[in-house]
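Me: I am new to reading protein models and would like to work through one with you. Could you show it to me and take my questions in turn?

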Amino acid sequence: MLTRPIVKWPNRVLKLFPIGDQGSGPHARYGHGVLRAVYRGERVGGKDAWNVPEETVKQRRRGRTQPRGRQVEPEALAEVRTLLGPAPREREFLIEYLHRLQERFGHLAARHLAALAEEMRLAMAEVWEVATFYAHLDTVKEGEEPPPALTLRVCDSLSCELAGAPALLDSLRSAFPEARVVTAPCMGRCDCAPVVEAGHRHVDRATPERVRAAILDKTGHRVPAAPAGGYAQLRACLDGSRTREEVAREIEEAGLRGMGGAGFPSARKWGFVRAGPKPRYLAVNADEGEPGTFKDRHFLETAPGAVLEGALIAAWAVEADMITIYLRDEYPDAREILAAEIARLGSLAPAGGVHLRRGAGAYICGEESAMIESIEGKRGLPRHRPPYVAQLGLHGRPTLVHNVETLYWMPAILERGAAWFAETGRHGGQGWRAYSVSGRVREPGVKIVPAGVTARELIEEFSGGMADGRAFKAYLPGGASGGILPASLADIPLDFGKLEPHGCFTGSGAVVVLAEGDDIGAAALNLMRFFAYESCGQCTPCRVGTEKAALLMAEPAWDRDVLEDLAAVMADASICGLGQAAPNPLRCAMKYFPEDVGL
Ligand SMILES: Cc1cc2nc3c(=O)[nH]c(=O)nc-3n(C[C@H](O)[C@H](O)[C@H](O)COP(=O)(O)O)c2cc1C
Ligand code: SF4
Ligand code: FES
């Protein structure tokens, strides 16, 4: 039975999360989706469960006189059927079909969602909870106005905020009164800040004029050609020139570690997956959403063949017979490039094929178990572990999950030998790494350099120094989650295990550089708002903690005791890495920049 606090609680949360404003300000997924539905009573029949009128109870006992749930309009059902054609109706394709519906009709109308639920034999609630979870899906209830034809999404994550996103947002709202102008989190183009997405087209170094030109340009966006893969290393594996043991040894001796953030040794992960029963699967994590990170997009757009070859080699190494690539929705060019490269694979593909799936605007789906939930057509809620995805992953099978960059290095290591990789590195680092550098540097971009370089080296040697004669003040060594360090600590290697004693980590290698004049309290607040917005809402320390922290951090003087308490609960008691790492920038701001936060 429901108890009162459960129904009361979203009420409190909803005060914090203004609903209905899809991109401006924090609208946690629960505020936007499930909680909103619970709050409005949809999931308890519009009534408190303990307060159901007696007549209704009698009616239930007598049995239904009408079919259960919302009535499906025959016309809407026909439209859905025509749109889906002979495509399979399995649950795992739900997000793909929601995308198709939205592309065809401009939004997701309640009548189409009811028809889709009927067609896929799913409960209406399941379809709604998925559709409302993802930021890129626009649900519209009966009687509600559909969104305007044009949506402008203005990136408000840190690098874009530094480059003037707030002023740009205001000027776009005045310049395009007919459009829906909303904020959105990092679009993986931080080296070209500020960035706007007009429809499905990205405008780099955006100004109202550039945005208008992009909207008026009807020539069609041309996706740059990418070199096709040669797959020589894969062929050597498939024709027996190399054994699985040799390949695993080579990857191990190279010291290759996961570039998605955790830095787990790749060969060791292969061993865990291979220990599980067949069938096994490989899932490629191309959901790159950590603010400041854009290196995976670089590899997908410039070397899709190498990434796919790495995936095919890894799948062969663990005898996985199906590959699924989960690509974030913000990368439409990469989607086109990858689809073309997959189509060329022919007999090189494993028996179960190579499948491309797209996300729908949810950072949390980069967490591997949430990604698997999303591939299965569900909300991206991280799973409790154990069991790990290497044991019970996609469709309940042992699943190897790899980041795009990790896969990119695999064929290169096999071609040039483990020593080529292992003997590269600085300050004790091992291998090559792609760092995404943005913020106040003269030449932002992806820097493919020896692992273990320091932030000072990255700025001075590889990024043309500080921009506009600005003085170096601080940097994020690992995107939004990796903390913030002062320039005085810029000589620490950007490597796994080296930054942790300072309360930070290198994660996916996203380095955002801040200058004198930048307010570190404001930067940390920007990051905390991102976490509040992206929290899946599943566990209280993260859902409430991120939101409460953001409110407290908006004060001119921070309350150290309360914030430290909150940070400890979030770090210790959250289910997944999002909530556990969310306090890092907050703690660093208080530790290294007390004067910026009124302490
Ligand atoms: C909140 C959160 C977000 C994540 N986002 C990504 C991501 O966008 N891309 C990625 O490859 N890994 C991401 N990860 C790490 C993955 O869970 C996983 O460790 C990784 O994909 C494994 O591949 P690797 O061993 O090749 O790094 C994220 C982890 C967390 C906790
Ligand atoms: S820590 Fe945050 S994102 Fe992770 S499961 Fe909990 S609520 Fe969801
Ligand atoms: S694209 Fe705006 S911060 Fe990354």
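Me: Which residues does Met528 touch, not counting residues up to four places away in sequence?
Reply: This is a predicted model, where local features need pLDDT of at least 70, side-chain atom pairs count only at pLDDT 80 or more, and totals for chains, interfaces and linings use all residues. Residues are numbered from 1 along each chain as its sequence is written, while chains are lettered from A and ligands numbered from 1 in the order in which they are written. Two residues are in contact if their C-beta atoms, placed from the backbone, lie within 7 Å. By that test, Met528 touches Thr546, Ala549, Ala550, Met553, Ala582, Pro585 and Leu586.

Me: Which residues have the most contacts inside the largest nonpolar core?
Reply: A nonpolar core is a set of buried Ala, Val, Leu, Ile, Met, Phe, Trp, Tyr and Cys residues joined through C-beta atoms within 7 Å. Buried means that 20 or more other C-beta atoms lie within 10 Å of a residue's own; 12 or fewer makes it exposed, in between is partly exposed, and C-beta atoms are placed from the backbone. The largest core has 169 residues, and those with the most contacts inside it are Val511 and Met528.

Me: Which helix gives this core its largest share?
Reply: Helices (H or I, at least four residues) and strands (E, at least two) are DSSP runs, numbered from the N terminus. The largest share of the core is ten residues, and they come from helix H22, residues 520-534.

Me: Where does Val511 sit, and what is its bridge partner?
Reply: Val511 belongs to strand E15. Four bridges join E15 (residues 510-515) to strand E11 (residues 432-439), and the two run parallel. Across that pairing, the partner of Val511 is Val437.

Me: What is the order of the strands in the open sheet?
Reply: Two strands pair if DSSP finds at least two bridges between them. E11 also pairs with E12, through six antiparallel bridges, and these two form a hairpin with five residues between them. The edge strands, E12 (445-450) and E14 (485-486), each pair on one side only. The pairing is mixed, and the five strands run in the order E12-E11-E15-E13-E14.

Me: Which residues of helix H21 are buried?
Reply: H21 spans residues 455-462. What covers its buried residues includes E11, E12, strand E13 (472-476) and E15. The buried ones are Ala455, Glu457, Leu458 and Ile459.

Me: Is Asp468 buried or exposed?
Reply: Asp468 lies in the loop between H21 and E13. Its phi is near 50 degrees, a positive value in a residue other than glycine. Because it has 7 C-beta neighbours inside 10 Å, Asp468 counts as exposed.

Me: Why does Gly377 count as buried?
Reply: Gly377 is placed in the loop between helix H18 (368-375) and strand E10. Leaving aside neighbours within four places in sequence, its contacts are Arg91, Glu92, Phe93, Leu94, Ile95 and Val130. Its C-alpha atom is separated by 5.9 Å from that of Arg91, 286 residues apart along the chain. Gly377 counts as buried because its C-beta neighbours inside 10 Å number 21.

Me: What is omega for the peptide bond from Pro386 to Pro387?
Reply: Pro387 also lies in the loop between H18 and E10. The bond from Pro386 to Pro387 is cis, and its omega is near 5 degrees.

Me: Which residues are closest to ligand 1?
Reply: A residue is near a molecule or strand if its C-beta atom, placed from the backbone, lies within 6 Å of it. The largest share of this shell is three residues, from E10. Of the 22 residues that surround ligand 1, the closest are Gly258, Gly260, Gly366, Asn403 and Gly577.

Me: And which residues come nearest to ligand 2?
Reply: Helix H23 (540-553) and helix H25 (577-581) each supply at least two residues of the shell. Of the 14 residues around ligand 2, the nearest are Cys536, Cys539, Cys542, Cys576 and Gly579.

Me: Finally, how many helices and strands does the chain have?
Reply: Buried residues make up 51% of the chain's 599 residues. Its secondary structure comes to 26 helices and 15 strands.
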